[in-house]
Structures are given as structure tokens and as C-alpha cells.
Amino acid sequence: MRLEPSPSPTLADRFEQLRIDLGIEVQFPADALAEAEAAAARVAAELAAPPGDVLDARDVALVTIDPPGSMDLDQAVHIERDGSGFRVRYAIADVAQAVTPGGALDRVTRERGTTVYGPATRLPLHPPVLSEGVLSLLPDVDRFAYLWDVRLDERGEQVDAQVRRAVVRSRARLSYAGAQAAIDDGSATDVLLLLREVGVLRLDRERDRGGVSLDVPEQQAVVDGAGVHLEFREVLPVEAWNAQISLLTGMAAARMMVAAGVGILRTLPPADPRDLERLRRAAVALGIEWPASLAYADLLDRLDARTPAHAAFMNEATSLFRGADYRVLDAEAGHPLPADPADAQHAAIAARYAHVTAPLRRLVDRYGLEVCAAVSAGEPVPAWVREGLAGLPEIMSSTGQRAAAFERGCVDAVEAAVLRGREGEVFDGVVVDTNGSRGRGTVMIAEPAVRAKVSSPGADLELGSRVRVRLAHAEVGDGKVGFELAEEPAAAGGGVTRAR
């Protein structure tokens, strides 16, 4: 189901009202823009004659892998064999090169915290002259970067890791779909083939640690030449392999920070045993066999999100780990190292972890990268970094919640716009959440690709069951959509399976 070629004013108004309500700014202040322009010119001049202490790594055949059309490219990767193991080099955009501590641009990025995304909308953390220009790891141009050099053994375990400032030159800008197609049809370069090999090994090591990765289909509101529509996008294998390189780097960064006693970790507490028991009950209700001897991570390997019951279970599993936060490390400032080695871990990764791979889009990464570069070089961590660490957890929490609310609100509005005028129609769906209350839940519909509340007064909704639901209301103004259970049984083969 598609709308007219451009969003209706009502839909556009809803997006704008969401932005205003959440306090998200579109324009950068004039002083921050002027500072960004000056920084872009300065960085460009320095690239023409790089400082002598910066590594020249332009011979490394790095590539970027991102969604199509992306211009704010944070990471570029190169992998080669290293004896029986592997050498992973991962270039990360050097944002600190352009941001003066205490300046106007520093101030506004601390206010924004993160890039915010919506349908055909991107409200960047940094002005585009930087994030899409001189700092972005675009192909065939020289760029400053933090170049991570990570050695792995034959099992994909980290042996050594270093990072230093470098000048790099990416060879190609690849999309996920293009990279996956090349791997599948045999035309992939060695870097992509090794990305698959290392990615699979790292996923194996993740399972060994007790970590988990959920490849739940992503609901997206897409604006293209044909209009605005919704889809459930399948996560491609290459995305999981690429994500493992980012996780590897974040884990290496956390080790550096812990060893030095200064930095900022991304944390997630272990799942509450009561939530794990709830998930086991959900498995029973969905007919999913989960022996007591089978680890949660191993169970996930047996699931296929194209199966409605499995999709419902994976949706439930996303709520298993809650309470993500940041933990500052700096004993001199009253933030000591955790006494228990198991403390301050990221439970889903099952290891200590730090955000250091997306500095163009996330504020905290700029600080983490500066810590690691200093530690790796045996130099003191810059004073501005240590002074700024304490405030980062609150900044990232509040701005992250704001970004998530905007993104979810935009999708809700598109759902309502897609369904507007179809009140009374009946759709095939799958119950993916029972919301802990009798007669109420969440249903996933394949066409259009909608997730919304459903009510069934006087009857229980069964998790994972195929249902027929009737659209009760769709209001673009507040982004609310609601269904009610219809009497007709669901059609065979209907439901979420048609979304893929």
C-alpha cells in the first residue's frame, strides 16, 4: 500500500509536530556552522600535507559497507590473512580533528548527542560540511581516521589490538545488498570473502561467550519515487558479519580503557531470571522446543523469523535485556574500576564493550576514540576528554530516548496514513505480543507492513497465533492505529510470512 508520490500535508505536519514536541533542532546555530566551515577548510589543508606523526595508510584497500545513499560514512574495513589467523584494519572517522573542545560546535553536538532519523529525514549530529564532507570516509579521497589494527587467531579470538591516527583512502562504497549479492554470486573481492569468514567465526565466539544477536525483521517507513510505504526489511547476513567487526573493535576499546583505568563503557545488565522464565513460557505457548540444557543463544540459531511463531518469540526476546547505560571509568575523578570482573559488562555481548565506531553519528564515540588513541600511544588522555566523560551518560540517555521517540513516532504516523480510509477492512496478522493483559496485544500484519495494538474483549489472544483483525481506527494526527479481533479465521499462509 502506497500513498501519493509525496507525503500528504497532514503526514508532514505530524513529522514536524513530533520534532517540535521533542525539542529536536533542524538548523545549526550560526556560530557552530561558521566553526564547521573553518574546520573543514583546515582539515582539507592538513590532508594535503599530513603531520609527520600521522600514519600514512593510504595503501590499505579499505571499503565501506552501508545502506544505499549513505554519505556520513564512519567506518571502512580491510581484512587479510595473517599466518593461520587474520589481520583486521578498521578505519573510523576522526571527528576530534575538526571539533575544538569548548567551542560552538562542541557545545551543539553535546546538545544533540546523536543523529536522528525519520522517513526521508536525517537530522545530523554534525553539519553536513563535516559529516558528509571532509570527515566522511568517502571513496577515492584522503581522510584522517583512527586506524584500528586488530590481530585474530585462527578461531577469531583477539590476539592484539592497537589504534593510531592515520591518513586513509577508501577504495569503494558498497551497499549491504550489493555486498551480499557479490558474496552470493561468487564475484566478491577477497575483503568481502574474509569478512564472511571472520564474521562467522566471531558469531561462533559470541555464542561461546553466551552473547546473542537477534535478526528480527526491521519495520521501516520508506519514502521513494513511488511515495511513502512500509516494509519489514530482512537483515542480511553481511550486515551481521559487518556488525561483528564493529563489536570486535568496541570490545578491544573496552579492554584498553579498563587496562588504563579511564574511559566509558556501554553496559547492559543481565536478564532478570523472571524475564527469562517468561520467555520460556512463551516458547511453550508458541510450540517452540527449548530443552533445559539448551542455552538461549543456541536456541536462537534454530529459529527462522519467516516462521510466524519464531517471529513472535524473537519479538518477545527483544525485551529480555533492558537497562542499557554507560559507565564512566576514571578513578581520579571518583569513578573507579569495578571490583568484580563480571561487572560493567554488556550482557547481550557477554563482554565489556565501548562505543567507538560511529563518531559522526554518536557523541560518545569521539571521547572513546580519543581515550584509546592516547592509551595506545602511551600518552596521557587529553584533559578535555576526562573532564567531559562524567556528563556523557546523561547526555546519551536523554538524546537517545529523544531520537528513538522521533523514529517510532514517524513510523506510527506512516502506519496511520497508509491505513487511513480503510477502517472496517479485515487483515491477516500474527499476534507478536500479548502485552501481559487479557484481551489486548500487538499484531504484526504483512501487507501493509504494520505493527499495532489489537483488542479482543472477552477473549484471550494467543502469542504467535494467526488472526484476522479489523481496522478500528487510524489517526495520522496522533499516529495511533488500532485493530479489533475479527470473527473470521486467518487465511492459510497469511500473516507475517508474506512480509519477507
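Biologist: At what angle do helix α3 and helix α11 pack?
Modeller: Helices (H or I, at least four residues) and strands (E, at least two) are DSSP runs, numbered from the N terminus. Axes are lines fitted to C-alpha atoms, for helices over the stretch in contact, and angles run from 0 to 180 degrees between N-to-C directions. α3 covers residues 104–112, and its axis lies 8 Å from that of α11. The packing angle is about 120 degrees.

Biologist: What pLDDT do local features need?
Modeller: Residues are numbered from 1 along each chain as its sequence is written, and side-chain values use heavy atoms, with hydrogens and water left out. This is a predicted model: side-chain atom pairs count only at pLDDT 80 or more, totals for chains, interfaces and linings use all residues, and local features need pLDDT of at least 70.

Biologist: Are α3 and α11 roughly perpendicular or oblique to each other?
Modeller: Under 35 degrees is roughly parallel, over 145 roughly antiparallel, 65 to 115 roughly perpendicular, and the rest oblique. Their angle is about 120 degrees. The pair is therefore oblique.

Biologist: How many charged residues are in the contact of α3 with α11?
Modeller: Contact means heavy atoms within 4.5 Å. From α3, D106, T109 and R110 meet L363, R366 and Y367 of α11. Ala, Val, Leu, Ile, Met, Phe, Trp, Tyr, Cys and Pro count as nonpolar, Asp, Glu, Lys and Arg as charged, and the others, Gly among them, as polar. The tally is two nonpolar, one polar and, for charged, three.

Biologist: How are α7 and α11 oriented to each other?
Modeller: α7 (residues 237–260) packs on α11 (residues 363–377) with the axes 10 Å apart. The angle is about 65 degrees. So the two helices are roughly perpendicular.

Biologist: Is T249 buried or exposed?
Modeller: Buried means under 20% relative accessible area, exposed over 50%, and partly exposed in between (1.4 Å probe, protein chains only). T249 lies in α7. Beyond residues up to four places away in sequence, T249 touches Y90, W148, V356 and T357. Its relative accessibility is 1%, so T249 counts as buried.

Biologist: How far apart in space are A32 and G103, C-alpha to C-alpha?
Modeller: A32 sits in helix α2 (residues 30–48) and is buried at 0% relative accessibility. Leaving aside neighbours within four places in sequence, A32 contacts A104, L105 and V108. A32 and G103 are 71 residues apart in sequence, yet their distance in space is 8.0 Å.

Biologist: What is the relative accessible area of P273?
Modeller: P273 belongs to helix α8 (residues 273–285). Its C-alpha is 9.5 Å from that of L320, 47 residues away in sequence. P273 is exposed, with a relative accessible area of 64%.

Biologist: Which helix is largely enclosed by the rest of the structure?
Modeller: Look at residues 308–317. Among the buried ones are H310, F313, M314 and E316. In total, 10 of the 10 residues are buried, so the enclosed helix is α10.

Biologist: Where is D140, with its positive phi?
Modeller: D140 is not a glycine, yet its phi is about 65 degrees.
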